Amino acid sequence: MREPLYLIGNVNVDLVMGPQAPWPQPGTEVIVPESEFRVGGAAGNTALALDALGVDYRLITSRGNDMLGRWLAEPFGARAEAWTVAEGATTVSVGIGHPDGDRTFFTTTGHLHAFGLKDVLAQLDEAGQGCVALLVGPFVIPALLADYDELIAILRRRGYRIAE
């Protein structure tokens, strides 16, 4: 039996477009050859990879209460039922691809602005003995980042092994 993995972090909508070069002048419109609308964020991308590998996990995150938040939860089915649902818009990242393969992202604060320690604790099991907590994407979750040291201390007290 595998030990449970708790994935704690950001899930948001990604709109990736491009490639584009040179960077456009302000006030212009540019037509790019490709676009893709998908689940994103560090926790979202990690969760999709874990699904593809057949690894069992629990995803601790949030979403907005808008149409995009509902869309974002759909691929995760029952895993999304415990997510915190924030008032307002879901976080969206627009990634513009460059010809060299690198990307530039513009990200809204959206629902992640309000996701904090109390939201994580509401979704986290009290006893974590033998479980791994994988913490991802804190730089786009300001309320949680402010309490990151406390989160890590709580995880340790509850017996979780921590991966960052």
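The model is predicted, so local features need pLDDT of at least 70 and side-chain atom pairs count only at pLDDT 80 or more, while totals for chains, interfaces and linings use all residues. Residues are numbered from 1 along each chain as its sequence is written, and side-chain values use heavy atoms, with hydrogens and water left out.

**The chain as a whole**

The protein chain contains five helices and 10 strands; helices (H or I, at least four residues) and strands (E, at least two) are DSSP runs, numbered from the N terminus. Some overall values are set out below.

| Property of the protein chain | Value |
|---|---|
| Span of the C-alpha trace along its principal axes | about 55 × 30 × 25 Å |
| Buried share of the 164 residues | 43% |
| Accessible surface | about 9000 Å² |
| Part of that surface belonging to carbon and sulfur atoms | 56% |

Buried means under 20% relative accessible area, exposed over 50%, and partly exposed in between (1.4 Å probe, protein chains only). The areas come from the Shrake-Rupley method with a 1.4 Å probe, and for residues only the protein chains shown count as cover. Of the contacts (heavy atoms within 4.5 Å) with a separation of 6 or more, 67% involve residues 24 or more positions apart.

**Helix α1**

Helix α1 covers residues 42-53, which are 12 residues in number; at 1.5 Å a residue they should span 16 Å, and the 17 Å between the end C-alpha atoms agrees with this. The expected span is 1.5 Å times one less than the number of residues. Which residues of α1 are buried? They are A43, G44, A47 and L50. Seen down the axis of α1, these buried residues fall within an arc of 125 degrees, so they line one face of the helix; the arc is that of the directions from the helix axis to the C-beta atoms. Their cover includes the strands β1 (5-8), β3 (34-40) and β4 (58-60). The face turned away from the buried side carries the exposed residues A52 and L53. After α1 comes G54, with a positive phi near 75 degrees.

**Residue I141**

I141 lies in the loop between β9 (132-135) and α4 (142-146). Is I141 buried or exposed? Its relative accessibility is 0%, and therefore I141 counts as buried. Apart from neighbours within four places in sequence, I141 is in contact with G9, N10, L112, F115 and V136. I141 and H113 are 28 residues apart in sequence, yet their C-alpha atoms are 5.8 Å apart in space.
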